[in-house]
Amino acid sequence: MSDNRVWTLRAYPEGLDFPSAIFLDRQAMPVPAEGQVTIAADWLSLDAGTRMWMTPRTDSYQPPIPLGSAVPGQVLGRVLESRAPGFAPGDLVRAFGQWADVSCVDPLTSGLTKLDATVTDPRLHLGPLGMNGWTALVGIEEMARTQPGETVLVSAAAGATGMLAAQIARVLGARVIGIAGGPTKCAFLIDELGLDAAIDHRDPDVEAAIARAAPDGINVYFENVGGPLLDAVLSNMAHYGRIAICGLMANYAQAQPGPQRFDQILARRLQVTGFFSPDFAHRGPELTARLRGWTDAGKLVTPFDETAGLENVLSAYARLFTGANIGKVVVRVS
Ligand SMILES: NC(=O)c1ccc[n+]([C@@H]2O[C@H](COP(=O)([O-])OP(=O)(O)OC[C@H]3O[C@@H](n4cnc5c(N)ncnc54)[C@H](OP(=O)(O)O)[C@@H]3O)[C@@H](O)[C@H]2O)c1
């Protein structure tokens, strides 16, 4: 490799118009400074949450990505060069790097982690055995305190985080309803994930569809979407229900007012908790061990939506927002 291809944010995108804002530059191959490591990417993880950092919003959980800098993202690959103790060329690693052929990272700030190379499909380190898995497990078990026999509703249930939250809730003994866009995804939720019911959020009356699927109310809502969907759920929550706010995708490109039915939090005595995976990333080994047990036992179905080629990152990224993906969106870099 003579030079490094790097996706650079030149402007904050309008809606899904990523090509007018993010450009593939060619730069000199990075050389690690003392304490740094370079990683040659095999796969990139594409994550919906990054969209919020691609706006000038300063009220998010991360500051905006500075214009002119590389787009950050999780990278899975091999150490190319190391000037940090504990990492050697050829090690299989994961880190918050850049959308690039080669990322240069600081081990501590990037969460650089050496990975178990015996896992048969390395991509699992970007889905169930990584941030998506930790988020789903902590959200369902600790934030929502899901109990056996309870009714759990999960939005974006055919996506990377939602499909894990839904399946973990089932493993914990809950009755699980998934929300997804379109009949193919709803069939996937029932036939492949084994959920108890599926609701198409394109249904003109989602509120009534939720009421039909959960006549006694929703005990736990694992929220990935927000916007009007959250209002349709609020009026269907059971008394003393819990809402774990994992994400609010409908609000990322543009903040939306709401929810309109905020009063239902009082009326139904709900608990609403927001949570963010970097807060529990230090528990990665413990959480990964539990998730590995379930994946090895075949209890978690974890499809990937893979696109080949770093040059195709933008079309792969748009799939998260058009709902084209089933499962974890990744890009194969080399
Ligand atoms: N709190 C944390 O630490 C944390 C960590 C990881 C992820 N997350 C959150 O988890 C959520 C999912 O992220 P992901 O990266 O795993 O993506 P994903 O679920 O694999 O893909 C996103 C899915 O969301 C659905 N969607 C998109 N816009 C929608 C809308 N306006 N209304 C309804 N559904 C919509 C689409 O499915 P349909 O076809 O079903 O519409 C799409 O497939 C995001 O909110 C993200 O921010 C949070």
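Let me start inside the fold: Phe222 is buried, at a relative accessible area of 0%. Buried here means under 20% relative accessible area, exposed means over 50%, and partly exposed is in between, with a 1.4 Å probe and protein chains only.

Before going on, a word on what we are looking at. This is a predicted model, where local features need pLDDT of at least 70 and side-chain atom pairs count only at pLDDT 80 or more, while totals for chains, interfaces and linings use all residues. Residues are numbered from 1 along each chain as its sequence is written, and side-chain values use heavy atoms, with hydrogens and water left out.

Now, the aromatic rings. A pair of rings is described by the distance of the centres and the angle of the planes. Rings of Phe, Tyr and Trp (its six-membered ring) pair if their centres lie within 6.5 Å; planes under 30 degrees apart are stacked, over 60 edge-to-face, and the rest tilted. The structure holds 6 aromatic pairs. In one of them, the ring centres of Trp99 and Tyr317 are 5.2 Å apart and the planes meet at 65 degrees, so this pair is edge-to-face. It joins distant parts of the chain, 218 residues apart: Trp99 is in the loop between strand E5 (92-98) and strand E6 (102-105), and Tyr317 is in helix H10 (residues 313-322). Helices (H or I, at least four residues) and strands (E, at least two) are DSSP runs, numbered from the N terminus. Trp99 is buried at 1% relative accessibility, and Tyr317 is buried at 0%.

Back to Phe222, then. The rings of Phe222 and Phe275 have centres 6.1 Å apart and planes at 65 degrees, so they are edge-to-face. Phe222 belongs to strand E11 (residues 218-223), and Phe275 to the loop between strand E13 (271-274) and helix H9 (284-296), 53 residues apart. Phe275 is buried too, with a relative accessible area of 9%.

Which residues do ring pairs link into a cluster? They are Phe18, Trp99, Tyr317 and Phe321.

There is also a charge over a ring, meaning that NZ of Lys or CZ of Arg is within 6 Å of the ring centre and within 35 degrees of the ring normal. Arg332 lies over the face of Trp43, at 4.2 Å from the ring centre.

Next, some backbone. Most residues other than glycine have a negative phi, and most peptide bonds are trans. Arg145, however, has a positive phi near 50 degrees. Arg145 is in the loop between helix H3 (131-143) and strand E8 (151-154) and is partly exposed, at 35%. Arg269 also has a positive phi, of about 50 degrees. You will find Arg269 in the loop between helix H8 (263-267) and E13, partly exposed at 44%.

One more loop residue: Ser235 sits between helix H7 (228-234) and strand E12 (237-245). Is Ser235 buried or exposed? Ser235 is buried, at 15%. Leaving out residues up to four places away in sequence, Ser235 touches Glu207, Arg261, Gln264 and Arg268, where contact means heavy atoms within 4.5 Å.
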